[in-house]
Amino acid sequence: RENILVPEVLNALRDRDEEVRTSAAIAAGKFRMAGAIDILRKMHQKDKIKQVREAAMMGLALMRKKEVRPYLRQVAQDDKEDRRIRGFAIFGLGFLRDREFLRPLLENKKGHRMKGSKPDRRELRGCVSLMIGFCRDDQAIQPLVRAAMDKYEMKEVRGYAPCSLSRLNASTATPELLRLIRDGQAEKVARYGSAIAMGGLVKRSDDAAIDFLGKKVTRDRDIGVRTLLAISLGRIGGDRAASYLISGLKRSSDQRERGFYFLGAGLSKADGVGELLTKQFKNLKNNKDRAACALGLGLANYRKAAPMILEEVERGNPAFAGHGMVALGLLDHKKAIPVVRKMIFDKKDPETIREGALALALLRGPAAVPDLVKLLEQSRATYTRGAVAFALGFVGDANAVPPLLKILRNKNKQGELRAIALAALGRIGDPLDIPLLSYLARNVNPYVVIDAVGEALTIL
């Protein structure tokens, strides 16, 4: 695939259409195309379209090649450069595990402080706090703990510091982060980051920590803490964690948080959780609750629930159908294939089509390629096209390459469609099983608002 796709990406980097150039820059980074480094530098410096310049920097960030490091460092500290582009440069330094550059910035040491306006420094130091977690740097653990606990530290730094501690498997930091969760007066984003980190730091054998988190998941006054802890308890898994989530379902009438309890319970894969969720599903009246419960059953891999979920999907309620189809995909319920195909081609609701495309990829694997390519060409909404391209990339089958190349090469096609076809090709040709930007999304604090992070998480 690489031999076929690399020349196509090089050509696309010089395409007249800005959308195609943008997509090509990301693909070049995913493929680690050394021959594209100089092209991407020139695109970053000279392209007239800001979106293309940003994509060029992200492409360089995804390269993970040492020869790019000096340029990334230069851009990261250039206070005349756009904040988002500087953030992307910091991502690249994190992916390169450049601890020598990032740790002094985290510690805000004299001579190593981030340059720029106060809003720029806030966001960029937040990026540093997030990316130091990729550096496998044990010496960063204590600075991260201090940052998380320091009430005078920037909230962007405090919100991401616990997430990086989780990436570093810094179990020694767990007592301090539990203190933050316990303190209802502490900075909110620091508490949220700590709640997220628990899913990676607390062991299933740590009864005391699970009991503490289990009580907070239903009793904390902040719904953000409760919902994030529900997912963390699910990630910890086991019967003890699941019992608190089931208790939360019985106690809560707030639809905003009940969905997280369903998902957490499913993630836990505890004994008997499938039967408990099935009972819940049968008694639920609200379709959004039922959709979340169906996803929980899918995550629990409780296949006995599949016929019941399929029956509800066939009713076609848009509040349920999308998540219900994904649940059927997780359960590998092949009998759902005709229903899912009908949904994605007959329905006009973008959300239903988006979820249906992923479900079809889960259910049919490579055999889903013809339907997905057809859907990509028929769709008009960017949201839908992006979802279908993601599904094609998820399948990752070589049979998808020829039809996607046909779209890319057709200059008469809309630029956005050609760019999305190229994005799907970029995912198919990505040598990593888990793309770097998908890995970035794990342990990210959704309550920390940073422009560069928000944009990165939208990239296919």
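These are numbered notes on a predicted model.

1. Ground rules. Residues are numbered from 1 along each chain as its sequence is written, and side-chain values use heavy atoms, without hydrogens or water. In this predicted model, local features need pLDDT of at least 70 and side-chain atom pairs pLDDT 80 or more, while totals for chains, interfaces and linings use all residues.

2. Fold content. The chain has 28 helices and 0 strands. These are DSSP runs: H or I of at least four residues for helices, E of at least two for strands.

3. Dimensions. The C-alpha trace spans about 60 × 55 × 30 Å along its principal axes. The radius of gyration is 23 Å, which agrees with the value near 23 Å for a compact globule of 460 residues. That radius is taken over C-alpha atoms, and the globule rule is 2.2 Å times the number of residues to the power 0.38.

4. Core. Of the 460 residues, 60% are buried (under 20% relative accessible area, 1.4 Å probe, protein chains only). The largest nonpolar core holds 169 residues; such a core is a set of buried Ala, Val, Leu, Ile, Met, Phe, Trp, Tyr and Cys residues joined through side-chain atoms within 4.5 Å. Helix α4 (residues 50–63) gives the most to this core, with 9 residues.

5. Phe91. Phe91 is among the residues with the most contacts inside that core. Beyond four places in sequence, Phe91 touches residues including Met58, Cys127, Leu440 and Ala456 (contact: heavy atoms within 4.5 Å).

6. Ser252. Ser252 sits in the loop between α15 (239–251) and α16 (255–268). Ser252 counts as buried because its relative accessibility is 12%. A polar atom of its side chain lies 3.1 Å from the backbone nitrogen of Asp254.

How values were computed: Buried < 20%, exposed > 50% of the residue type's maximum accessible area, 1.4 Å probe, protein only. Polar contact = N/O pair within 3.5 Å; in protein donor to acceptor, adjacent residues only side chain to side chain.
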